[in-house]
Amino acid sequence: YQRRVREFTLKMTTNTPASNGIPQALFIEDIEAFMEGKAADETLKKFEETFSKYKYLEIRLTQSKASLKGKIPEIKKTLETALFLQDQKSAEKPVETYFELSDSLYATAHIKKPSSVYLWLGANVMLEYSFEEAIALLQKNLSTATANLKKVEGELEFLRDQITITEVNIARVYNFDVKQRRKKNQASSK
């Protein structure tokens with residue numbers, strides 16, 4: 001363990017499922033042994049570089065989490081609509097609904113015996129699906145999005161721990177450097 005710390009390498013974790021390739025920061029237990037033969041400025045620079053990489057990853061994961069949190073309710077709403085229309089397939093009375101034309105403009109539609117649904121796939125592409133296919137696709141998308149959200153939340157938690165460890169290491173190296181400079185100043189003033 002001591003050898004790995006002295007080499008100042010970041011170990012890639014494979015046994016931590018939340019890390020997903022995020023390098024694990026090693027906590028410096030013995031600062032004197034770690035700093036032996038190293039310049040504080042260079043060591044601080046390496047830690048700060050690692051810290052900035054972690055912060056960049058945190059921003060990306062936070063954006064991904066926000067995106068998934070926005071998509072999940074939309075998928076649920078679409079799934080509920082598809083299920084409702086499937087239930088109305090055999091109804092004699094037409095279904096009256098409102099659909100959005102633009103941000104604040106809605107129109108009324110009367111749907112007689114619906115037989116399929118159209119789903120937006122993205123990139124201005126819409127496809128017609130049977131109810132069974134649409135429901136299966138939406139359920140799959142919902143479970144995938146939910147699983148991805150849990151994964152991203154786990155990665156964020158792991159990453160925040162690594163950021164904390166790196167911040168503590170930066171503070172310990174800085175404090176060690178201040179302590180060494182004071183000793184040097186006291187020795188030179190005597």
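Which residue in the turn of the hairpin formed by E5 and E6 has a positive phi? The residue is Ala123, with a phi of about 55°, and two residues stand between the two strands of that hairpin. The points below place this turn in its setting.

1. Basis of the note. This is a predicted model, in which local features need pLDDT of at least 70 and side-chain atom pairs count only at pLDDT 80 or more, while totals for chains, interfaces and linings use all residues. Residues are numbered from 1 along each chain as its sequence is written, and side-chain values use heavy atoms, with hydrogens and water left out.

2. Overall make-up. The chain comes to four helices and six strands, where helices (H or I, at least four residues) and strands (E, at least two) are DSSP runs numbered from the N terminus. Read from the N terminus on, the elements follow the order α-β-β-α-α-β-β-β-β-α. Of the 190 residues of the chain, 28% count as buried, a term that means under 20% relative accessible area, with exposed meaning over 50% and partly exposed lying in between (1.4 Å probe, protein chains only).

3. Strand E5 (residues 117-122) pairs with strand E6 (residues 125-129) in the antiparallel sense over five bridges; two strands pair if DSSP finds at least two bridges between them. Within this pairing, Tyr118 has Glu128 in E6 as its bridge partner. Asn124 lies in the loop between E5 and E6, and its phi is near 55°, a positive value in a residue other than glycine. Most residues other than glycine have a negative phi. Asn124 counts as exposed because its relative accessibility is 74%.

4. The hairpin of E3 and E4. Strands E3 and E4 run antiparallel and are joined by seven bridges, and the hairpin that connects them passes through two residues. Val95 stands opposite Ile111 in E4. In the loop between E4 and E5 lies Lys113, whose phi is near 40°, again a positive value in a residue other than glycine.

5. The aromatic pair. The structure holds one aromatic pair. It is made by Phe34 and Phe47, and it counts as tilted because the ring centres are 6.1 Å apart and the planes stand at 40°; rings of Phe, Tyr and Trp (its six-membered ring) pair if their centres lie within 6.5 Å, and planes under 30 degrees apart count as stacked, over 60 as edge-to-face and the rest as tilted. The pair links distant parts of the chain, since Phe34 belongs to helix H2 (residues 31-35) and Phe47 to helix H3, 13 residues apart. Phe34 is buried at 2% relative accessibility, and Phe47 is buried at 6%. Lys38 lies over the face of Phe34, at 4.0 Å from the ring centre; a charge sits over a ring if NZ of Lys or CZ of Arg is within 6 Å of the ring centre and within 35 degrees of the ring normal.

6. Contacts between separated parts of the chain. Thr50 lies in helix H3 (residues 40-87) and is buried, with a relative accessible area of 14%; its C-alpha atom is separated by 8.8 Å from that of Ala25, 25 residues apart along the chain. Phe176, in helix H4, is buried at 13% relative accessibility, and 8.3 Å separates its C-alpha atom from that of Ala40, 136 residues apart along the chain. Asn20, in the loop between strand E1 (11-12) and strand E2 (23-24), is partly exposed at 46% relative accessibility, and the C-alpha atoms of Asn20 and Val152, 132 residues apart along the chain, are separated by 9.5 Å.

7. The largest pocket. The largest pocket has a volume of about 1,300 Å³. Of the 30 residues that line the largest pocket, the closest to its centre are Thr78, Thr81, Tyr118, Leu119 and Trp120. On a 1 Å grid over the protein atoms alone, a pocket is an open set of points where a 1.4 Å probe fits, with protein on both sides within 12 Å along at least five of seven lines, and lining residues have an atom within 4 Å of a point. Grid points are joined across faces, edges and corners, and a volume is the space filled by probe spheres set on the points. H3 gives the largest share of the lining, nine residues.
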